[in-house]
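The stops below go from ring to ring.

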Amino acid sequence: MAVTVLAAALVVAALVLPNSVVGLRPAKFVRIPAEAVIGAAVMLALPRRPRVVLAAVSGAALAAMTVLNLLDMGFNQYLGRSFNLVLDWSLLGDAQSYLEDSLGRTATLAATAGLIAVVLLLFVLLALSMVRLSNLLARHTGTATRGTLVAGVVWITCSSLGLQISGVPIASDRTAAALKIQAHRVSDTLRDEAEFRKVAKVDAFGGTPGAQLVPDLRGKDMIFTFIESYGRSAIEDPIIAPGVDKTLDERTAALAKAGFHARSGWLTSATYGGSSWLGHSTTMSGLWVNNQQRYRTVMASDHLSLTKAFEKTGAFDTVGVMPGVQKAWPEQSFYGLNKVYNAFELGYKGPKFSWSTMPDQYALQQYQERVHSKRPADGKSRMSLLILTSSHQPWAPIPKMVGWDRLGDGSVFKGIQAAGNKPADIIADTTRSRQEYGKSVQYSVTALTQWLERYGDKDTVLVFLGDHQPIARVSGNHASRDVPVAIVAKDPKVLDKIDGWGWTDGLRPAHDAPVWKMSSFRDRFLTAYGSTPHPKRG
């Protein structure tokens with residue numbers, strides 16, 4: 001009897017399971033699932049063999065839906081969106097790599113093996129539970145028939161009257177609704193792929209000759225920099241903001257003393273909590289690249305990226321510094337970069353800081369020594385793309401600033417890394433995660449602006465921005481998708497060109513500063529600095 005009760009409880013729990021962590025409350029599980037009523041009626045009408053087969057298959061299908069619900073929970077909690085059945089399987093490998101970098105290979109392998117075992121066990125238990133319950137119905141046909149009719153009448157009554165417990169409807173069709181949502185999601189994804197291919201072929205500056213691209217930035221030392229997870233919450237969240245805002249104000253003052261001035265605003269990112277490459281490609285392509293299929297489409301196209309526009313002029317040498325890239329990176333062609341320095345080409349001999357292969361300060365110093373201090377031999381200007389990684393979750397351990405002349409090969413960071421927090425201690429604590437996230441942003445902003453203060457000159461123009469907000473557990477379940485963006489320069493003419501944008505003076509954008517979609521930045525920037533549109537259509 002106890003086994004039967006447990007089997008029934010497992011099936012009902014799976015049928016009413018919500019797909020978000022915030023939905024996990026007792027009232028969600030005190031419901032009557034329509035699928036159970038209909039399933040019981042069907043089982044009663046079937047002979048033994050087809051009944052057992054259908055029960056086993058239904059149990060396996062319910063297990064699959066349960067796994068999808070759990071994936072939705074994880075994706076909503078970390079990426080602020082639901083799992084996409086078509087596109088997101090590849091991200092599971094990225095999640096495993098992230099855990100390995102954060103918790104170590106042994107712990108990750110153990111966690112992965114445990115997760116696979118739990119999933120397989122779920123399939124087995126739900127299949128066996130369904131078979132056991134179907135056999136019970138067959139042994140007590142009369143009682144089961146009456147019970148099914150009563151349950152059906154109660155479900156219809158509760159549904160018609162809208163009866164609820166603690167604000168949750170008693171009548172549930174959760175699994176059927178989830179299945180319908182998944183089907184629509186798959187259909188929408190496939191349709192979106194075809195439509196986006198057409199959109200990507202249209203480019204307002206695709207046919208613009210090189211001579212007519214960014215003429216007002218010729219002779220400048222142009223630098224575009226993304227700061228990992230640098231989102232609006234860093235500047236406005238009551239726990240995170242005080243330290244970050246103080247850093248931004250102090251660094252604004254320090255840059256002003258060195259002759260630099262800044263304007264800042266907000267961009268709404270195409271991604272949230274992760275998948276940084278979607279934010280990078282959206283900013284640079286001028287297209288809304290909010291999923292992996294769109295990303296693949298853009299990378300395979302000849303759509304003009306903002307960085308490639310500089311290369312197309314013929315007046316700029318183009319370089320990328322990517323300390324987060326640890327494998328082949330074919331995207332180099334799309335971004336129009338003549339040379340890319342990945343994690344293995346920057347001479348770092350120090351420890352990793354969780355996922356981040358090296359501290360931002362070290363990466364910037366290497367950029368200075370290998371790139372910025374060496375003017376192109378052919379007399380060209382330079383455009384650089386830097387992706388900083390120290391503010392990547394889990395924000396433990398976090399590097400500390402050291403004397404720029406002490407960086408060497410990075411060995412100086414060994415003691416700092418060893419004395420830092422352990423990732424496992426931070427991941428499990430929401431408050432500490434928020435606090436340490438704020439400290440990591442302070443570190444990254446300080447490293448970047450100190451580099452500019454130390455090595456920038458009258459021709460240096462720095463554009464820096466976040467790629468996305470941090471995970472929902474840090475930024476909140478209802479946080480915006482906005483990220484700060486700033487343009488910094490000594491030459492007043494550079495900032496004069498964006499007077500009409502309404503941006504805030506300094507590195508810290510005002511709460512009511514303009515908010516644009518990240519995909520609009522490319523065209524606004526190209527237009528502001530004198531580029532002439534020549535549309536290209538596929």
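Select Lys339 and Tyr341: the charged end of Lys339 sits over the ring of Tyr341, 4.9 Å from the ring centre. The coordinates belong to a predicted model.

Now display every Phe, Tyr and Trp ring; the structure holds 17 aromatic pairs. Pick Trp395 and Tyr437 from these. Their ring centres are 5.2 Å apart and their planes meet at 65°; an angle over 60 degrees counts as edge-to-face, so this pair is edge-to-face. Colour by secondary structure and the pair can be seen to link distant parts of the chain, 42 residues apart. Trp395 is in the loop between β9 (381-388) and α14 (414-419), while Tyr437 belongs to helix α16 (residues 430-455).

Next, select Phe521 and Phe525. Here the centres lie 5.6 Å apart with the planes at 35°, so the pair is tilted. Both residues are in helix α19 (residues 521-528), four residues apart, or about one turn of the helix. Phe521 and Phe525 are both buried.

Arg524 lies over the face of Trp516, at 3.9 Å from the ring centre.

Methods
Residues are numbered from 1 along each chain as its sequence is written. This is a predicted model: local features need pLDDT of at least 70, side-chain atom pairs count only at pLDDT 80 or more; totals for chains, interfaces and linings use all residues. Side-chain values use heavy atoms; hydrogens and water are left out. Rings of Phe, Tyr and Trp (its six-membered ring) pair if their centres lie within 6.5 Å; planes under 30 degrees apart count as stacked, over 60 as edge-to-face and the rest as tilted. Helices (H or I, at least four residues) and strands (E, at least two) are DSSP runs, numbered from the N terminus. Buried means under 20% relative accessible area, exposed over 50%, partly exposed in between (1.4 Å probe, protein chains only). A charge sits over a ring if NZ of Lys or CZ of Arg is within 6 Å of the ring centre and within 35 degrees of the ring normal.
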